[in-house]
Amino acid sequence: MKEKLLLLIKIQEYDSQIFKLSTKKKTLPEQIEKLNREFSQFEEEIKKNKVKYDELKSRHVENENKIKKINEGIVKTKERMLEVKNNKEYQAMLKEIETAEASRSDVETAIISILDELDKLTASVKQDEEVMKHNKNKYEQEKKALEDDLNAVDSDMIACEQKRTELQNDVPADLMAKYEKIKKRNKGIGVTSVWKAVCNGCHVNIPPQLYNEIQKSEEMFSCPNCNRILYFKDMEKPF
Ligand SMILES: [Zn+2]
């Protein structure tokens, strides 16, 4: 193939690579952001059972304290009963104890249902912790891969630009200017292959005569439709 055209094809490869890298530089931080957002949402959701579990635990402690207080009250009342002088006072104290015992019974019932709920939640909380551990691991790995990718973008870009500049030195300035102009007008592609008389840039058929010339002539030809510089490539043969 024509030497200058070969150079342009390589330059085009680097230009496409540079374009991909600059897209990555924009999209990778967005992907990282999205991943972080999704993980915090998941974290918030999976913590719900644990939050409920902790609430019940503290309600359990509160209720145990209530019982302790009620029992202390009953003991004091019983001590006072020993010093009571008349029946009316004695009856009042008995009533006091009865009321205290009734409320203790209510608190005990509440404790039983709290313990029941805690029992049920324990398995869920444990399971959630396992899921959390697994997902956190996965999230951290994915995040690291994206960050590594992003960190490599700048150095890859510099390497591509350097190689491109080296190649560019061997291309005549007018051809280079022509390539740049076509590239600018055609979504970053200035050189493209043609196969079975179809331009790979715009996918439009080119005249058979032109297709023949591209394969035989040493001249450089452009697509009549998109104006991209064309080169013949047999798509059925490996490079
Ligand atoms: Zn075309």
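Two strands pair if DSSP finds at least two bridges between them. Strands (E, at least two residues) and helices (H or I, at least four) are DSSP runs, numbered from the N terminus. The model is predicted: local features need pLDDT of at least 70, side-chain atom pairs count only at pLDDT 80 or more, and totals for chains, interfaces and linings use all residues. Residues are numbered from 1 along each chain as its sequence is written.

Strand β4 takes part in both pairings below.

| Strands | Sense | Bridges | Bridge partners |
|---|---|---|---|
| β3 (residues 221-222) and β4 | antiparallel | 2 bridges | Ser222 and Ile229 |

The hairpin of β3 and β4 has 6 residues between the strands, and Asn227 there has a positive phi near 75°.

Helix α1 (residues 3-46) and helix α3 (residues 87-168) have axes that come within 8 Å and cross at roughly 160°. Axes are lines fitted to C-alpha atoms, for helices over the stretch in contact, with angles from 0 to 180 degrees between N-to-C directions. The two helices, α1 and α3, are therefore roughly antiparallel (an angle over 145 degrees).

Val198 belongs to strand β2 (residues 198-199). With 16 other C-beta atoms within 10 Å, Val198 is partly exposed, a class between buried (20 or more) and exposed (12 or fewer), with C-beta atoms placed from the backbone. Val198 lies 8.7 Å from Tyr211, C-alpha to C-alpha, at a separation of 13 residues in sequence.

Key:
Angles under 35 degrees count as roughly parallel, over 145 as roughly antiparallel, 65 to 115 as roughly perpendicular and the rest as oblique.
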